[in-house]
Structures are given as structure tokens and as C-alpha cells.
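Here are a few notes to read with the model open beside you. Take them in order and find each residue as you go.

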Amino acid sequence: MSQPKNTTTQATALTNHDRKPIHIPGSIQPHGVLLALSTQLEILQVSNNTQAYVGKEPKDLLGKPLSYLLEAQQVEVVKQCLVKKIGSPNTFKVSIHTSHRVRDFDAIAHRTEEAVILELEPTDSKSEVSFLGFHALAGEAIAKMQSTSNLVEFLHLVAEEVQKIIGFDRVMVYQFDESEAGSVVAEVKREDLSPYLGLHYPSTDIPAQARELYTRCFLRFLPDLTAEPVQLLPTRNPTTHQHLDLSYSVLRSFDWCCAEYHQNMGVKALLVISLIQDQKLWGLISCHHQTTKHISYEVRKMCEFLGQIVSSELAHKISSSEWDYKVKLKSLQSEFLESISQADNFIDALIKPEIRLLDFVSASGAAVCLDNEINLVGATPNIDQVRALIEWADTQVTDNLFSTDSLPKLYPEALIFKDTASGLLLLRISKVRRYYILWFRPEVIQTVHWAGNPQESIKAERDGSYTLSPRKSFEQWQETVRLTSLPWKGCELESAIALSNAIVGIVLSKADELAKINLELERSNQELASFAYAASHDLKEPLRGIYNFSTVLLEDYAQVLDDDGIECLQTVVSLSVRMETLINALLRLSQLGQAHLREQATDLNELLNQVIDVFRASRQDSGLVDIRIPRPLPTIQCDRVLVNEVFSNLLGNAFKYNDKAEQWVEIGYLSQEEGQGAGGRGQGAGSREQGAGEAIIYQFPIPNSQSPIFYIRDNGIGIPQHHLETIFRLFKRLHSQEKYGGGAGAGLAIVKKIVELHNGQIWVESTVGVGSTFYFTLE
């Protein structure tokens, strides 16, 4: 559960409080003694209460070796701390002779970066609790906690067993959320106390420094929250001249804010046990008592041990509660990823059937964006809203995976579609292309029960600054939380990442397959081109012999042949001429297949003038030829010879297939913007029905470049709709050999090949009886 949104003043106050050095208070709690030692075990600092506990004044201890106070065997135990890791304690029993009597202590020693710290707590026991005694106390509690797999029941048992061991008035299990706020998820209490179960607490109640210390030290004990702290003498370490680091000290004094906070709750004694999950602070076992209460160090160590057992079991309980859901997601992943890996259409595999993509992360809606193409599934914002959201994500989201359960707070424009998309999980598949999958969750209005008004912890000072102060009221206080969805779980984020990895893997696999296919096609095309060239070249010689011998027979032996014989020979001659034309066309096409472009800057006006001059010279007996050029053509990089062939072919066809009394041809070009209305209006190949006087359009995608679109327009016979898709095929003629001057039907196939060699495209717009316009690009 998220806490209320921080104001600037709250954030400032919290930051100021978190800067307080609570790990170096310079004092301890009064129920024990602390000595700070050098690495040679010389006493450098002591707490100012040694006279009361060990019968010696601080001044009598400072500068003395530890052996002045403890026996040699006990000194050796302390010395062992020097080789242990920081904070790792050695515990043992010691007896110290004072002027009046012998006192027994629990001794706890550990080292810091600068010193060895020895703490002594008075005890009534001269001997340590045996393992069997410890097992008797803790074994039953552990057995009960391990007997249930239900997380809620488990946490309640934890609270019950801890209360049995320490006898506190209230024991709660407190769980943190993603925002570091927390809630009471289990509670055992004295009957007359008000319940805290289910109440929420803001993150300011346990500042960051305190949470960090709870992560390092698994138990914190404050037997008397009204006790005055005991100062260290001297206040700074005489060797380092720094305050002594008491992070791992069991006697470290408490912050006044902590004391006042708990006293406002009626608490006088406090025991806190850390619950660690995945090396992070998952929660706390917080134990309150209405009066001061001391617990022996041994019992506290047993509680710490139980906390570690609970932390270990916690991972298992949480895993059990989430296991079924994770298994469901994994099963769905396997099925889903297999289907998209085998699909021909990637988009269809993602969104059909729709429910699979939504179930993948338990979303109510999704959007799949591949560049400018967006497909929506389930309950989503509209296309324009999704497109605007992606524009925002392009600039604001840097990670490949982004999630929020409160999108309107980050992206205010989302307020208008909060009912469908208060929660967003965004997966960026590619950083090069705009490939996204977005999942949506609707707003879920929630009522949060806080332990008092969380805003009361902010106090305005006279100088205008703000500080964090203890709240005085813990009565239930309700807040309605809006503009949030159900939070995204870790396993759902993992599921999205798995989908991303799978898509990348599938794309790479498909790319590898395509590369192999392209290599095979390239090899096949080369072999086919070589075969076509060799076959057509070698066929010309016998074909020339057939033609020559048939001609000789007609010239020299016509008198011995009858009319049928002569007609047969004339047919042979005609067919051999026809066949040579076809072979020449095939030979030309195979040459183009192996051609290498010789690109150079070419002035198309100069090139077109040469084409027109040759064309006019070949049609001197056909009267006036009307060729229109509305504006000068540009200079481009191209193969001059091949582009000459393109213009020659298209210009020749424009006049060849024209039955008008006044024939004309217009040659020009359009910019890409002007070309959006020309022929290539669609995004894929297609055609539409022909009506009276209506243009037939064979649609191609306009190339995404700045290259001009050239056109050759005529007022000829036009092209019927059913031939639009076949006119660029080799040897495809729309009319018989006798009509419109014959020909091999290879001209447009050759033109298309040359255009494609220049990485361009060619398409046609035509109206039967009115004329045709051929468009082409040269990249």
C-alpha cells in the first residue's frame, strides 16, 4: 500500500531527520556498561556509570589495559574479535569483584573499523543457557511455525510464540511496502489494548537511517524509554578524534524522537526483531510493553534466532503463496512463446487470441506498437491517446522495462483515461525502432486505514523550516487513495522481460533463416542468370542457321516449291525472327541480372533530349510528335546508360499504344510530398473497381526517402484492370502480335529490372480509353 504523496515540506523534513547520525549518539542506555578498546586492548573510552556496576570510576579505567578489569582468559576471548568481521559478536560470562561483592555480567564484544567494543550487562545467572535448554524454549515455537504453509496464519503464530517467550503486552508483525510505508499484518495483544491490526504507517515513522540499522542489526532492545542516557568519556575516541560508531552496540542509546513516538503510544519498553528477505528489510516483529521491562541477553538472542528462522521460513511461505500464480504465468509463457515463434504473422500471433497477451501479466488492456502501426487489445485508451503516451515514453522512459501503478501522477494527461490506464507496464523491444508493448490496468479506489494522521509528523518551526516530530495520535484515520491501479508483481515484470527476450530471440532466428534463404536465392539467381545468358547466347547460332537456310530455300528453290511449301518457309523465317527477338530480350534481362551500376551525376534534361532525338529520328514518317516537359528535370546519381533505356522504353510504349488522332506524352517529376496523391496512395499492393471514366490504380507504397517520383503520362488506350498486376512480367503482351506493332513483351520487365537495380519502384495509374501514367523512383 502506498503512503500519501509527499509534499515538498514533508520530503525536506524527512531528509533533515535522516541526516541525524543516530549510530554515533555518544551515549548508551543505563542498564549496562560500555568500554571502547584499542587494538592492543587498552581502554580508550568508558560509559560514565562504571562506578555503579564495576566499582571503579571512569578516570581509574581510562588508559589501563583490559587485564586491569578482566581475567586473562576473558581478555583472550575479547581479543578474538580482532580477527572476526565487523559487528560479529563474541559473548561470554564474566564475574567482576567490586569493593562490596562479586557481580556477574553478560559480556558482548565486537569490533568496529577503529576500536573493539566491550559491553557488560548485569545478570543473575553465572552460567550460559545450555543447548538443550535453548532448544526447549525455542524448539516448540519453531515446530508450530513450520506446521503451516499459509502466510497469514504463519505470521500470527510468529507473534504468538514471541509473546510467549518475552511476555510483552503487544507483539505485532509489521510489513514494509514498495514505498517503505508499512502495515500491521499480524498482532497478539493484551485484551484491553486497542487493536493495530490492519493499520498503515507512513515511511516517516521509521526513517531511512533506522531501517538501515535494522538491516545490519537483527535485534534492538529498549527496556526503559524514560531512562536518561549515559554519556561516554571522553566524548570522542582519543586515537581517531571521532565519535564512537555504535551501530552494532546492544546498549546504544535511543533517539529522543523514537522515545517520544512510542511514549505517545503508551509504550515504555520496546523490542524489535528484523525480518530479512532477499537481503532487504521485509518487515519487523515489533514488541511493546506498557511498563519498563528487562529481558536477559540470552532470551534476546533466542528471539534473534527465531527472527532468523522466521526470515528463512518467510521466503518459503511467500514462495508457496505465489507459486501457483508463477506456475500459471510460466505455462502461459511456454504456450505463448511457442505460438509466436511458429507464426508467419508476428502481430496476429501477439494479439490473437487477445486473452493470451493480457493474461501474460494479468492486464485488462494492451497496445502493440511497431513503428507507426498500433494494435489495441482489451480495455485501452484510444489510438491517439496511446500514440501520445508513447511519445511521452520516448523522452521520459530510459529503461527497457517501466512500470507504475499511478500513471496520472507521472503523466497528467492520463487523467482522462484513468478508468482504463491508471497502471502502466511498458516494454521497449527495440531502441532502434519504435517497438513497444504496453499493458494497462484500471483505477482501483482504495480506503487506507492509517494509525493516526501521517501528516502530523511534520512540524513547522518558527524560522520557517520543517522538522519531523513524533505523532501524538494513533487513532484510526482513513484516507481514500485514487488514481492508482493494483501494483505490478515482480513475477509479472519477469514475465514481460521473458517475452522481450523471446521476441528478440525469435527475430534473430528469423533473420538467420532469411539470411540463409537470401544466400540460396542469390546463388540460384546467379546460376539462373548464367544459364539464361549461356542458353540465349548459344541458341542464337542455330537459330541464325535456320533463318539463313530458310531464306536460301525461298530465294533459290522457290520455283520447285508449290504455294504451300513457300508459305511454310515464310512462316519458319517469321518465327525465327520472332524467336531471335525473344532471345535478345532474355539475353538483355540476364545481362541486367549480372550488371553492376556505374552511377554518376546525370543531368536528366540532357539525357532526355538524347532519347527524344533518337525517338523523333525513328518516326520521321509518323508526323508531329508532341512531347511535353512541364519543368526541367533534376540532376541525380544513376547509371546513365540504363536510365536512358528506361525513358526510351516508356516513351516508345506511350506512343506505340495510342490510337488517338492527336497523340501526346508528358514527362515530369513530383516531390515526395506531391507524390502522396499519385498512384502510391496505399500502403500495400491492391486495386479498386473501375467505374465509368474512373482511374484504375495499382497501388505501391511510396518509398520513405526524399527521391523525386518521375512519371511518363500519355493519352493512349489505357490498361484494363485485370492486366495491371501482370504488365511487368517477362514476355507478357496484352494484344496479339498483329496489333500495335508487335514486340516481345519484355520492355516493361526490363524497365522494372533497371528501376529495382537502382533500389527504386515502379507502378502505374491508368484509365481505359483515356491514358496511362507510369511512375518510378531511382534511389
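Which residues have the most contacts inside the largest nonpolar core? Keep that in mind while we set the ground rules.

1. Ground rules. This is a predicted model, so local features need pLDDT of at least 70 and side-chain atom pairs count only at pLDDT 80 or more, while totals for chains, interfaces and linings use all residues. Residues are numbered from 1 along each chain as its sequence is written, and side-chain values use heavy atoms, with hydrogens and water left out.

2. The overall picture. The protein has 19 helices and 30 strands; these are DSSP runs numbered from the N terminus, with helices being H or I of at least four residues and strands being E of at least two. Of its 779 residues, 46% count as buried, where buried means under 20% relative accessible area with a 1.4 Å probe, protein chains only. Contact here means heavy atoms within 4.5 Å. Among contacts with a separation of 6 or more, 67% are between residues 24 or more positions apart.

3. The largest core. Back to the opening question: F647, L650, L651, I667, F774 and F776 have the most contacts inside this core of 36 residues. Elements giving it two or more residues include helix 17 (604-618), strand 26 (664-670) and strand 30 (771-777). Helix 18 gives the largest share, 8 residues. A nonpolar core is a set of buried Ala, Val, Leu, Ile, Met, Phe, Trp, Tyr and Cys residues joined through side-chain atoms within 4.5 Å. In soluble globular proteins, nonpolar side chains tend to be buried together.

4. F776 and its rings. Leaving aside neighbours within four places in sequence, F776 is in contact with residues including V646, F647, L650, F710 and I762. F776 also belongs to an aromatic cluster with F647, Y669 and F710. The structure holds 9 aromatic pairs, a pair being Phe, Tyr or Trp rings (the six-membered one for Trp) with centres within 6.5 Å. Have a look at Y669 too: the charged end of R631 sits over its ring, 4.1 Å from the centre. That label needs NZ of Lys or CZ of Arg within 6 Å of the ring centre and within 35 degrees of the ring normal.

5. Helix 6. This one runs over residues 151-166. Its buried residues include F154, L155, L157, E161 and I166. Just after the helix, G167 takes a positive phi of about 70°.

6. Y174. You'll find Y174 in strand 7 (residues 170-176). Y174 counts as buried because its relative accessible area is 9%. Setting aside neighbours within four places in sequence, its contacts include G182, Y201, P202 and W282.

7. S247. Is S247 buried or exposed? It is buried, because its relative accessibility is 1%. S247 sits in the loop between strand 11 (230-233) and helix 8 (256-264). Its side chain makes polar contacts with the side chains of D245, at 2.7 Å, and R216, at 3.3 Å. A polar contact is a pair of N or O atoms within 3.5 Å; within protein, one must be able to donate a hydrogen and the other to accept it, and residues adjacent in sequence count only if both atoms are side-chain atoms.

Conventions:
Buried means under 20% relative accessible area, exposed over 50%, partly exposed in between (1.4 Å probe, protein chains only). Rings of Phe, Tyr and Trp (its six-membered ring) pair if their centres lie within 6.5 Å; planes under 30 degrees apart count as stacked, over 60 as edge-to-face and the rest as tilted. The expected span of a helix is 1.5 Å times one less than its number of residues.
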